[in-house]
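User: Got a model here I'd like to go through. Can we start with the strands and then look at helix packing?

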Amino acid sequence: RVSSDGKPPKFQPPPKPVIIDRKTQKEQSRFLSPEFIPPRGRTDPLKYYIERKDMIQRRKVFNIPEFYVGHVLAVTTANPHTSDKSNRFVGICIQRGGKGLGATFVLRNVIEDQGVEICYELYSPRIQAIEVLRLEKRLDENLMYLRDALPEYSTFDVNMKPAPRMDHEEIPVNKLQVRMKPKPWSKRWERPKYNIKGIKFELPERKMQAAQKWSQPWLEFDMLREYDTSKIEEKIRKELSEELGK
Amino acid sequence: MARFCAGFAFALQGLLRRSVSHSLLSFGSITGACGAIQKLTRVRVVDNSALGNTSYHRPPKCIHVYNKTGVGKVGDKILLAIKGEKKKALIVGHKMPGPTMTPRFDSNNVVLIEDNGNPIGTRIKTPIPYTLRRREGEFSKVLAIARNFV
């Protein structure tokens, strides 16, 4: 096959057959906190089982609500240096990381024109309360680009009242496209590696196409990177419902 | 050749000012965070002292960190070069992530201080981390003028 300008032809992925299984799709809507799913590796599952037991113990005593990246949370922590021993911070969750007991989430807010981020450990005994103030998912799972966005997108009122939750079924997705500060940014968010859908790129077409040079379209077809968590998730869901139902 | 280009680019940056500057730092170009505060880091003075708030053609830079390691974290004293003079300052927040549950700020914040520890300004509007309260004895006067805590 001879291409027009002597360069190798652009990689055209084969069309993937889309299988829609209507039976199992309904059951997948239940929420499982991402830190319960063990990472892919060769560690003994006993280690994760023991850790899960400790996590369940903590959850029995303290209610950790269901939340995703993009929710606005208010966290009250115990702090010996405050006057009334506890400290409240309101912010948008920009990242959820870590597995097991070391699971963390980062809250971001802009106070008095100063951007502040705090990384909290979900299972830390210092946390006294977590309230969800606004329930909405965003287009991406990692909102680190808010650091390079205009500060209005990260400001949240500290005395915000919790919005009433209508449905117990679906969490609305906010399709907000955020406007950025002028470049340079902390990371090159226009590159396909980050796959960000929530930014309104006002860069010239030339720059957007130049960023596509770093795309790796074969990555989604790499079978060695596949990690099917459906069976593991089912097991963990059963465990959780048994233990927490008691 | 590379040095000539860098000089030319730096001169251009003065002309091609970004039309919208949302941060309070009005420097030419800003490199990424290189860790906490060390020698030659540009810092942001957050109190309302005259020295910290008058504009100058060079940003305030750290020239020495009073620490065994040369890296300053929250609560360390540093020597600052502002407006052609040397002044001591206290670090109240940096861009580098610290231990969990401690706040990470979007700019390296600093409060101007005398040799005996008295702050020069009279008010600090930006939030200060609670961890400074642990050393209440040394920083009592700085904590007294702070308004918001995080």
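**Strands and helices**

Analyst: This is a predicted model. In chain B, E3(B) and E4(B) form a hairpin with two residues between them. B:Lys83 sits in the turn and has a positive phi of about 50°.

User: How many bridges pair E3(B) with strand E4 of chain B, and in which sense?

Analyst: Six bridges, in the antiparallel sense; E4 covers residues 85–93 of chain B.

User: Which residue is the bridge partner of B:Lys77?

Analyst: B:Leu90, in E4(B).

User: And what about strand E2 of chain B, how does it pair with E3?

Analyst: Strand E2 (residues 61–65) and strand E3 (residues 77–82) of chain B pair in the antiparallel sense over four bridges. Within that pairing, B:Lys61 stands opposite B:Ala81 of E3(B).

User: OK, helices now. At what angle do H2 and H4 of chain A pack?

Analyst: About 40°, with the axes 11 Å apart. H2 spans residues 45–61 and H4 spans residues 230–245 of chain A. Because of that angle, H2(A) counts as oblique to H4(A).

User: Left-handed or right-handed crossing?

Analyst: H2(A) passes H4(A) in a right-handed crossing.

User: Which residues make the contact?

Analyst: From H2(A), A:Tyr49, A:Arg52, A:Ile56, A:Arg59 and A:Lys60. From H4(A), A:Ile236, A:Glu239, A:Leu240, A:Glu243 and A:Leu244.

Conventions. Residues numbered from 1 in each chain as written. Chains lettered and ligands numbered in written order. Predicted model: local features only at pLDDT ≥ 70, side-chain atom pairs only at ≥ 80, totals over all residues. Heavy atoms only, no water. Axes fitted to C-alpha atoms, helices over the stretch in contact; angles between N-to-C directions. Parallel < 35°, antiparallel > 145°, perpendicular 65-115°, else oblique. Left-handed = near helix turned anticlockwise from the far one by under 90°. Contact = heavy atoms within 4.5 Å. Pairing = 2+ DSSP bridges.
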